[in-house]
Amino acid sequence: VIHPYSLLPYVRSWQLIAYCEWRQKVLLFKIDRIQEARLLNDTYTMPKDFSIEEYLGQNWGLMRGEQRKPEEILLHFGPEAGSWVSEEYWHHSQRVETLPDGCIHFHLTLAVTPEFINWLLYYGDRLTVLSPAWLREEVRNAHFRAYKKYHHIDEEV
């Protein structure tokens with residue numbers, strides 16, 4: 001039995017934030033995975049102190065799990081990708097700085113998740129992670145692993 005608190009569209013599916021009586025805590029449920037549902041006559045009251053923003057925290061997106069501490073992030077986007085990024089609301093901490101050459105500095109304060117790193121990788125060479133250094137290294141290494149994979153395939157063909 002769950003007590004729904006909020007329904008959120010996310011990527012290509014819907015997510016339900018709800019209190020789970022069995023686990024006795026608020027959880028995130030992917031609607032696509034629910035195999036059966038019944039409406040009960042019972043009622044419940046959402047706690048007045050529940051905050052979706054607090055529940056989701058400083059993370060990027062909805063992915064939960066390993067919790068890092070929020071940190072300052074500075075990204076440099078080329079003009080094309082910068083225009084795409086600056087048109088959207090990605091995170092409550094974002095701040096966009098347009099540079100004279102049309103590039104974008106994108107400032108964030110968040111707890112980095114694998115989901116955020118995947119978002120960075122999507123932009124390929126149109127993005128440079130300026131800080132923190134460990135995140136720049138993580139993105140560089142992921143691109144290098146992809147390069148080696150494709151380079152190896154090309155040698156076999």
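Select strands β1 and β2 to begin: the two pair in the antiparallel sense over eight bridges. Strands and helices here are DSSP runs (E, at least two residues, for strands; H or I, at least four, for helices), numbered from the N terminus, and two strands count as paired if DSSP finds at least two bridges between them. The model is predicted, so local features need pLDDT of at least 70 and side-chain atom pairs count only at pLDDT 80 or more, while totals for chains, interfaces and linings use all residues. Residues are numbered from 1 along each chain as its sequence is written, and side-chain values use heavy atoms, with hydrogens and water left out.

Is Ser 6 buried or exposed? With a relative accessibility of 14%, Ser 6 counts as buried; the cut-offs are under 20% relative accessible area for buried, over 50% for exposed and partly exposed in between, with a 1.4 Å probe and protein chains only. Leaving aside residues up to four places away in sequence, Ser 6 touches Gln 15, Leu 16, Ile 17 and Ile 52, where contact means heavy atoms within 4.5 Å.

Strand β2 (residues 13-20) is joined to β3 (residues 25-30) by six bridges, and the two run antiparallel. Ala 18 has Leu 27 as its bridge partner in β3. The three strands form an open antiparallel sheet in the order β1-β2-β3. At its edges stand β1 (2-10) and β3, each with a single partner strand, so one side of each is left without a neighbour in the sheet. On average, neighbouring strands of this sheet are turned by 20 degrees against each other, direction ignored; such angles are taken between axes, which are lines fitted to C-alpha atoms (for helices over the stretch in contact), and run from 0 to 180 degrees between N-to-C directions.

Gln 24, in the loop between β2 and β3, has a phi near 55 degrees, a positive value in a residue other than glycine. Most residues other than glycine have a negative phi, and most peptide bonds are trans. At 60% relative accessibility, Gln 24 counts as exposed.

**Second stop: the four-stranded sheet**

Select β4 to β7. These strands make an open sheet with antiparallel pairing in the order β5-β6-β4-β7. Its edge strands are β5 (95-98) and β7 (127-131), each of which pairs on one side only. From one strand to the next, the twist averages 25 degrees. Strand β4 (residues 71-77) and β7 are joined by four bridges, and Leu 75 stands opposite Val 129 in β7.

Helix α3 (residues 114-122) packs on this sheet, touching β4, β6 (104-110) and β7, and its direction makes about 15 degrees with that of β4. The buried residues of α3 are Glu 115, Phe 116, Ile 117, Trp 119 and Leu 120. Just after α3, Gly 124 takes a positive phi of about 50 degrees.

Turn to helix α2 (residues 79-86), where the buried residues are Ala 81, Gly 82 and Val 85. They cover an arc of only 105 degrees around the axis, which puts them on the same side of α2; the arc is that of the directions from the helix axis to the C-beta atoms. The buried residues of α2 pack against β4, β6 and α3.

**Last stop: Pro 132 and helix α4**

In the loop between β7 and α4, select Pro 132. The peptide bond from Ser 131 to Pro 132 is cis, with omega near 5 degrees.

Finally, display Arg 140 and Glu 137, whose side chains meet in a salt bridge (3.0 Å, N to O). A salt bridge is a side-chain nitrogen of Lys or Arg within 4 Å of a carboxyl oxygen of Asp or Glu, and a search of the whole structure finds one. Arg 140 and Glu 137 are three residues apart in α4, and therefore separated by about one helical turn. Arg 140 is partly exposed at 46% relative accessibility, and Glu 137 is partly exposed at 37%.
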